[in-house]
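Subject: Structure handover

Hello,

Here is the structure I promised to pass on. Please open it beside this email and follow along.

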Amino acid sequence: MSENEFEKIKEILLERKKQILKNIDDNSKEIDGLKVAEASDDADHATISADTAIEEALNVKQQKELKEIEYALFKIANGSYGICEMCEEPIGEARLEVKPQAKYCIVCREIVEKRA
Ligand SMILES: [Zn+2]
């Protein structure tokens, strides 16, 4: 992968990271709001609990992606980025542009998904 390509991917990752942090922040505020509503007497508790659960699940998902992105940034820094962790072949640039936090090439990804 060329130096420019690395810079481009890094940019995508940092941008995504910023977006996720904002999403988590927004979600957390939403959850707080729901919890305040839940504490009031005339609230529809069942609906609010369901909404809170959805927002919390969303946050868990975002945090997982955030970790993947931070891991990818770490790999860029130590020079192991863009190499499949399973077969150690380079992951295609087209794939990395779509999913910059990818750890496996397309072939290995399928194997991992089938195993899961
Ligand atoms: Zn592979």
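Below is what turned up, site by site.

One point before the details: this is a predicted model.

**The zinc site**

Start at the zinc ion. Which protein atoms hold the zinc ion as donors? They are the SG atoms of C84, C87, C105 and C108. These atoms lie 2.2 to 2.3 Å from the zinc. Along the chain, the donors follow the spacing C-x2-C-x17-C-x2-C. C87 sits in the loop between α2 and α3, while C108 belongs to helix α4, residues 106-115. The two are 21 residues apart in sequence, so this pair ties together separate parts of the chain.

Why is the arrangement called tetrahedral? Look at the angles. The four donor atoms subtend angles of 103 to 116 degrees around the zinc ion. Four donors count as tetrahedral if all angles lie between 85 and 135 degrees. The site therefore passes as tetrahedral.

C84 has a relative accessible area of 1%. C108 comes in at 5%. Buried means under 20%, so C84 is buried, and C108 is buried too. C87 stands at 33%, which makes C87 partly exposed.

**A closer look at C84**

Where does C84 lie? Find the loop between α2 (45-78) and α3 (93-98); C84 is there. Set aside its neighbours within four places in sequence. C84 then contacts E89, I91, K103, Y104, C105 and C108. Two of these, C105 and C108, are also zinc donors.

For a sense of scale, pick N27. C84 and N27 are 57 residues apart in sequence. In space, their C-alpha atoms are 33 Å apart.

**The nonpolar core**

C84 turns up again here. The largest nonpolar core has 17 residues. Which residues have the most contacts inside this core? They are I9, L13, Y81, C84 and L96. Two elements give two or more residues to the core: α1 (3-39) and α2. The largest share, five residues, comes from α2.

**Salt bridges**

How many salt bridges does the structure hold? There are ten.

Take E97 and K8. Their closest N and O atoms are 3.2 Å apart. The pair links distant parts of the chain, with E97 in helix α3 and K8 in helix α1, 89 residues apart. E97 has a relative accessibility of 34%, so E97 counts as partly exposed. K8 has 40% and is also partly exposed.

Next, K17 and E70. Here the closest N and O atoms are 3.4 Å apart. This pair also links distant parts of the chain: K17 is in helix α1 and E70 in helix α2, 53 residues apart. K17 is partly exposed at 22% relative accessibility. E70 is partly exposed at 36%.

Then D26 and K22. Their side chains meet in a salt bridge, 3.0 Å from N to O. Both residues are in helix α1, four residues apart, so about one helical turn separates them. D26 has 35% relative accessibility and counts as partly exposed. K22 is partly exposed as well, at 47%.

First, E88. Its place is in the loop between α2 and α3. Is E88 buried or exposed? Exposed means over 50% relative accessible area. E88 has 60%, so E88 is exposed.

Second, A77. You will find A77 in helix α2. A77 counts as exposed because its relative accessibility is 68%. Compare its position with K10. A77 and K10 are 67 residues apart along the chain. Their C-alpha atoms are separated by 9.8 Å.

**Where to begin**

Begin with the zinc ion and its donors, C84, C87, C105 and C108. Go from C84 into the nonpolar core of 17 residues. Then trace the salt bridge of E97 with K8, and the one of K17 with E70.

Best wishes

Terms used: Residues numbered from 1 in each chain as written. Predicted model: local features only at pLDDT ≥ 70, side-chain atom pairs only at ≥ 80, totals over all residues. Heavy atoms only, no water. Buried < 20%, exposed > 50% of the residue type's maximum accessible area, 1.4 Å probe, protein only. Contact = heavy atoms within 4.5 Å. Core = buried A, V, L, I, M, F, W, Y, C linked by side-chain atoms within 4.5 Å. Donors = N, O, S within 2.8 Å, 3.2 Å for Na, K, Ca; no water. Tetrahedral: all angles 85-135°; square planar, octahedral: opposite > 155°, others 65-115°. Salt bridge = Lys/Arg side-chain N within 4 Å of Asp/Glu carboxyl O.
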